[in-house]
Every structure is written in C-alpha cells, then in structure tokens.
Amino acid sequence: MAESVTCCRKIKHYKLILKATWKFFLRKIKVKKKDSYDNVHNFQTLTPASDVDLSIYEDALNYAFSEAKIRNIAVSGPYSAGKSSVIETYKIRYPERKFIHLSLATFDSTNDKEKNISNLVLEGKIINQLIHQISADDIPKTLFKVKKDISKYSVIRWAIGCSFCFILFLQLFFSLEWKYFVLGLNDSWYKSFFELFTGNGWYLINGFILFSAASYSLYRLIRAQKTQNIIKKINLHGSEIEIFNDSSDSYFDRYLNEVIYLFKKSKADAVIFEDIDRFDKTSIFERLKEINTLLNNHLGIINKKPIRFFYLLRDDLFTSKDRTKFFDYIVPIIPIVDGSNSYELLDKLFDKSIEDRAFLRGVSLYIDDYRVLKNIYNEYTIYFEKLKIIGLNANKMLAIVTYKNLFPHDFSQLQLGRGYVFSILNYKSEIINNDKIKIKTKIDELSKRINDIDYEYLNSSSELEMLEEYFTLKKDSKWRHDSDYLEFKKEINEKQDSFMKNYERRTLILKDKDNLKLLNKELNKMRFDLLSLENKKISNLITNQNSEWIFKQNSVVNGFEGILNNDYFSLLVYLIRGGYIDESYKDYMAIVHENSLSRKDRIFIHSVMDRKGENNDLELDNPNNILDLLTEDMFYQEEILNFTLIKFMMKNRSKNERMLSALILQLKENEKLKFVFDFWFVNEKDKNINVVFARLLAKYWSSVLIELINNKTFENNINDCYDLTKIFLEGCHVDSLPLVNESNQLSNYISKCSDYLRKSNYKTNGLVDKLKLINVKFITIDSNLSDFNLLEQVYQKSTYEINLNNLYLMVDSFYYSEMKLIKYDRFIKCSYSTIKSVSDSPVYNYIVNNIEEYVKIIIASDVKEIFDDEKDVVEIANFDIDIEVKKKYLSMIKNKIKNILSIESEELWSDSFYRFSRGV
C-alpha cells in the first residue's frame, strides 16, 4: 500500500514538472514570435528615425560641443524636415553624451487658445517634463512634488515603528494603570514577563526611545521643509505667518532657481527643446536663454562643464538679426521631403498597391511632411486590407485616407452628414439644375434652326444669289412707263425690300441646310447629354466657370473659412475635381457587411459608381438585386454594359423598358458596335433574347446594322455579320424596316452576298419575307453553301436578280428531274422555253412580270443564238415591251416562225419575214 502511494506521488510530481516545462516552452515561443515579427505590410513608424545619414550635420554638432562659448544652438528647418531624426541619430552615435529631450508636441498650434497660452504655463510644462526625466533621489531639494515608488517593506517598518512608539507612549503616560494591571494578573509565566516592563529602569529606557524617535522625526520634518517647503504658512488666530521664508525669492525667481537646480542635477550635456516654436512666443526662448546663462555661470564657478540648449524650431520664427543675436550657433536642416521629391518616397512606400502612378504623383505635389506621408500609407494599408474584399477603387481609398489625415475634423463631420466636403457633394443637384436650363436653352435654339430649314424652299446659297440677281434685274429694267408697269415695278420693289431684310437670315438657314445631318446629330447629342446629366459625378459637373463659387464663395457663406485657410486646401480641391472623392465616399469609410449581394455583384456596382468599367462578361449572381440599387440615369453610362445584367433585363422587358431604352441610346451615342456584336453571339443559343435586342435596336438605333457592315473592324467576321443581320431582321418589326434600310444600304449589302443563304445555327422563319420587304435581290447565289430551305424560299419569293446564272440555278434546283439534266450551255440558248415548260412555276411568273428586264439580259449576254420554241418567241414578240428590244431579240432567233401573222406588231413583220424566210 505504501509503495503504491509513493508511486502515485512520483507520477504527480513528474506531471507537475512536465506542465511547468510546457508553459515555459510556450512562453519562449511567444517571445520568439514577437521578436521575429515579419513586417509584411511594411508599416512605418512615425517616430524620428535614428539611422539617418548625418554627414555634415555630425561635424556641425561636434563643433558646437567643442566650443565652450557655444551654449544656445538652433537646429532650424521647416516642419518634418528631419530635425529630430538628426538629433536622435547623433545621440545614438555618441552615447557618452547625455541628452534630455523636452517636447510640447501634444499642443495643436492651429488652436488660437493654445497659441495664447501664457509663458508661465509653458515654463511649468517644461519643468514638469524636466523633473520627470531626473531621478527623484537626485533632486531631494526640489519644491516640486515627485511621485516615486516606495518599498512596501519601508512602509511596514514605519508602521511598526510608529505603532511601537505609540505603545511606549501609552505605557509611559499610563504607567500606574499599567503597573496595577500587571500586578492583578494571576501567577503565570506571562505575568513574570510583563513585570519586567513595570520597573523604573524600563521607564528610563522607554523615555530614551521616545526622545530619539521624536528627534529623528523632527529632523526629517525640518529637512523636508527646507528642501521642499511643504508647510508654507501657519494661521494663528487669523494671522498668517510664513515659515522659513526667503525674502530674496520672488514668484519668477523661485521658478528660475528650481529650474537651475534641476538642470544642474540632471548631469546632462545637452537639453533638447522641441516644438516650442508652434506657440509663436519668442519670449519663452529669452527666459530659457536666461536660465542657460545663470546655469552655466553657476557651473563655471564649481568648475563643471557647461550644459548646452538645443532648440529645434522652424526658420521663420525669428527675423534674420534676432536669430544671429539670440543663438550662439545655428545648424540648418535640409528637408527630407518637399513637393519635388515626395513622389519618390510615396512610390517606394506604396510600391504596387497603387497602380495609377499619375494619381500618386498628383497627391505628392501637395504633401511635404514625411510623417504625414508615412501615416497615410499606414492607414491606407489597414483600410485596403479590411475593405478590399468588396473591390473598391484604390485611388479613391487613398484619397479618403489622405483627406482623413489632413482634414480630420471635416472627415468626422462627413460621417455625420455635415462639413465642407459634404456641402460640396450636396451642391450637385443645384449644379445639375443650372446645367439643365442651359442645355434646354441650347436645344430650343437648335430646334428652331432646324425648323427654319423646313420652311426654306431654296436648296442652296447659290439659288439665293440667283434670286437676288433676279430682283436686281427686275428693279433696274427700263421698260415702258404705263400704269400697269409702274404697278408691277412697285410690287417688285416691295418684294425685294422684304427679300433683302431676310437675306442674311436665309443665308444662315441655307448654310444650316447644307449641314442638316450634323445639326441633327448635335441635337441628339444635346438630348442625350440632358438625359445623362443626372448620372454625372460631381467632378464632371465642376467647371472652370463654377469652381470658384463651389469651392470658395459658397464655402465662405456656409462658414468653412478654416478649410479654405488650410495649407492643404488645394489638395482637397484636386481630390474632388479629379473624382477621387465623390458620392461613393461611404463605401470607403466603413466595413460593408455582405448581404444579398455577392462579391462580384458589389464589384460591378462599384465599377458603375466609380465610372471604371469591368469586363462586359463579368458574371453576376443577383442581377435583380443589383437593379434595385441602380437608377435610370446610370444606364446612360458605358460602365453599365454587362451581358448578364442586360440579358436579365430583356427577359423582364416590361419592367425595365425605360432603362433598356436608355441603354440603347447610350450604345448609339458612344457607337458601341463591338458590344452589340459580342452580345448577339454571347446569346446565340437564346433566340428570344436576341429578338428583343433586335427590336430595341430597330426602335432606338435603326442604323446599327448599316454601321456594323460598313465597319472594317468586322470584315474578318463576315459570316457572323450575316447571322447578325438575319437575327436582326427576324426580330425587327415590319414598321421599322424602312428605317433599318435607310437609302437601301442594307438591301444592297445583302444582295451582293453570294453566301448569305448559308446554313446557320439560327432558325430563319420569316427571314425571306423581311428580305422581300426591303427589296433584296441576290445578284449571285452560291448553291453549294446555301441552306436548301432558305434557297427554296428565295425561289418562291423571287428575291434574286434576273440573270442567266440565277435562272439556271432555280431551274436546276427546283424543276422536274428531267429538266435538271439540261446543261448550262444548252439552257442559256433556250432559257425562256425551258422555264415556260413549267408554266405555273415561280420562275416563270417572275420573268413574265419582268419580261423586258429578262429580254434585255438575254440580249446583253454572251448568247449569240437563241433556240426558243416558235410559240415562245411569238409570245415574247407580243409582250408590251420596247419595239427595239423585240427587234434585237428576234435577230438572235434561229428557229423558224411558220406564221408571221401570229406576231401582232406589223413593224416586226418585214424584218422577221426576211430573216425567217431565208432560214427556210
């Protein structure tokens, strides 16, 4: 049993050892991870650098320390020039020299109240920083209270000592009572012990201990009073008595004496004063120089090395004479960053995270503070990593972070729907209303000019000049002088006067008439601009004409003078006018939680709002939800073009008619032929979508087919163009066909396409009917490539040009089998008789209805002899066609006409009788 207990104890002991070892190992790992942190995002510290290249600065500072007379040194340069970095690097390079650094950087110099802070407060704050950089043990005589750590054992000792003395005092004061108490105790060992403290000898010892404790306490009190002046006044019966008052110390002398004491006890070689210049008070420097003089005089008396004061300040704090008079030595610091080189630093910081280097360069021109640049980078990196999942614009994110750093108060106001930037963005509606009025005025003026053209019956300026000459001749003519002529001349003069009054106006109208197409195009553009005005960003609405009012005058009215006076106001204007800060600012200021929109959907929406389009084939997950976030005016911009979205809208055309019409108008205005072409073939398997698309195009962009076929870009896609026209015509409403075939351009194009009837993936029901309506006549047809069903429809509808090749193709393809055996050479010599062999055929009816055209083609062909049957020759001779055409036709006939009288025209008898009788 004992052995098992021992074994259990050993196991428990080993477990404790293993547990302690594991905890120690984990702590080591954590420390290792912390120490070996890899700065993946290249975060930048805002503290002064301690590894800058000193070069000449090192020699300059060494010289200051080598000369005993140099005690007040100015290190001058603009804000963020690198003054602190130079000092910090020098301190590390010379560790044997002790520096004390005093900074008032917690103050904001832009605040007037803080600028008006008194010298006394500044001195107190300097002393406060100084006293906390010196060990409290080294300055026991200072009047200023310094909290320091007190050992708990020291407190325990003092507590025990005070309690012991208090007990001794009570025993001595109540000695009789104590003696009677001890004597009254029962006989025991502790009674014998307490009797030792009731004798006269013990009271003597007791008194000595209390006297020693009181003397030591009084010593400590007097010492503290002399060094720290803890008791300043005593009030006795209404009268105040100052204790240990030194009459030579005035209020400021006490400060000076204390500061000199503190500096002397600091054992420093140099004291660095930083950011005091932000308060624009030169008097504080005078006080510090006085302290430095008194301090070093005192140090000189006791043969100690001087303490130097370094003042880190901007160049313009003192005038040129005051600077050289006040300071013993000045070290100028050349700025690390200014507008000319800040781009290189930004380029290095952002590396590849900002692709738009032009924007980065633009921002760099306005920022000359290295710390600001580094903090902008740090915040941008955090914002970007947290918000990049929703595909935001990197330029806009950098703009918002820059704005946040340079205008932090206005940034916080913007989040609440207030402030300067919010007022600028909110001014958009007023700008749009003003622009609408201007555009509508221009539209009315241009419409009137076009309407005037309709009422002008002349066609050119030359006709107007001829009319002017006519009136001049009539007026100057010397005819008779009777009453009728005089009345006529009077009428002519009146008409001339009226004519000359409107001459200049009519001249302008006729010039407009020559440019009518351009005027109509300009009018359509104005109307498109009016419709798309609502979707314009604030940056596109700001012009040179209204920018002064928007950014300055309007801002003064609304009380934003502080923004206008900011050194970075020009940068803010650049960010707004460049479109980097716009109506989408909310997306860049807070994390957006995913809801019904996927990442791809949100990327698309931002691309529309930022006017930076994504690929047209970006597949959207919830187009219905996307439509809820889009406005009609957004469909006038090209970034809205997305195959998935438009397909969804066309499936629900009734709900989206207005937005679809805006979309087509936008395609027309921007001549987006490539998108039209691609959309058609992306949806080649969905005929219904393409039919809807065709109808919309025919309604709002009727010339799209003509523009496509005339565009050389699509020459290599000729077969696709054929398919496109087929789909378009099939989906196009009959009433729209005349507009689609303006100036017969489309019908002429199709008529020349010999392989237009080739096989296609599309059903072509009703295509040939549409071709017939626009008067398509195929000049040649490649039967080897043609779809037989389409060819048969062309045969039935007679949508081909009458020529021997086409006629032979139709006969060969659709006549009886015995006719198909006829060769082309034989056919062209007896084409009419061959065609007439099937009298009800579409071919026969076609040439009968166009008999003169047919005969002319036969005459103009290479055929020299015709062997049509006699009855067929007589039939042609009796058709109502030109007599000369008949004569030429009869001259080519080689068969005999037995009955010349069967020819109705006697004019043809003699020639026919002569030829055919000779043939007999």
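Predicted model: local features only at pLDDT ≥ 70, side-chain atom pairs only at ≥ 80, totals over all residues.
Student: Let us start with helix 14. Which of its residues are buried?

Tutor: Helix 14 spans residues 357-364, and F359, L360, G362, V363 and S364 are buried there.

Student: And what covers the buried residues of helix 14?

Tutor: The cover includes helix 13 (342-350), helix 16 (394-406) and helix 27 (569-577).

Student: Which residue caps the N-terminal end of helix 14?

Tutor: That residue is D356. One of its side-chain oxygens lies 3.2 Å from the backbone nitrogen of A358.

Student: Changing topic: at what angle do the axes of helix 44 and helix 46 cross?

Tutor: They cross at roughly 45°, and the axes come within 10 Å. Helix 44 covers residues 851-860, and helix 46 covers residues 883-891.

Student: Now helix 39 and helix 40. How far apart are their axes?

Tutor: The axes of helix 39 (residues 788-797) and helix 40 (residues 804-814) are 11 Å apart, and the two helices pack at an angle of about 120°.

Student: Is the crossing of helix 39 and helix 40 left-handed or right-handed?

Tutor: The crossing is left-handed. In helix 39, F788, L791, E792, V794 and Y795 meet L809, M810, S813 and F814 in helix 40. The contact has seven nonpolar, one polar and one charged residues.

Student: Let us turn to the loops. Where is E639 found?

Tutor: E639 is in the loop between helix 29 (623-629) and helix 30 (643-651).

Student: Why does E639 count as buried?

Tutor: E639 has 13% relative accessibility, and buried means under 20%, so E639 counts as buried. Not counting residues up to four places away in sequence, E639 touches F604, S607, V608, R611, K612 and G613.

Student: And N741, is that residue buried or exposed?

Tutor: N741 is buried, with a relative accessible area of 7%. The residue sits in the loop between helix 36 (737-740) and helix 37 (745-751).

Student: What is N741 in contact with?

Tutor: Leaving aside neighbours within four places in sequence, N741 is in contact with L746, S747 and I774.

Terms used
Residues numbered from 1 in each chain as written. Heavy atoms only, no water. Buried < 20%, exposed > 50% of the residue type's maximum accessible area, 1.4 Å probe, protein only. Helix = DSSP H or I, 4+ residues; strand = E, 2+ residues; numbered from the N terminus. Contact = heavy atoms within 4.5 Å. Polar contact = N/O pair within 3.5 Å; in protein donor to acceptor, adjacent residues only side chain to side chain. Axes fitted to C-alpha atoms, helices over the stretch in contact; angles between N-to-C directions. Left-handed = near helix turned anticlockwise from the far one by under 90°. Nonpolar A, V, L, I, M, F, W, Y, C, P; charged D, E, K, R; others polar.
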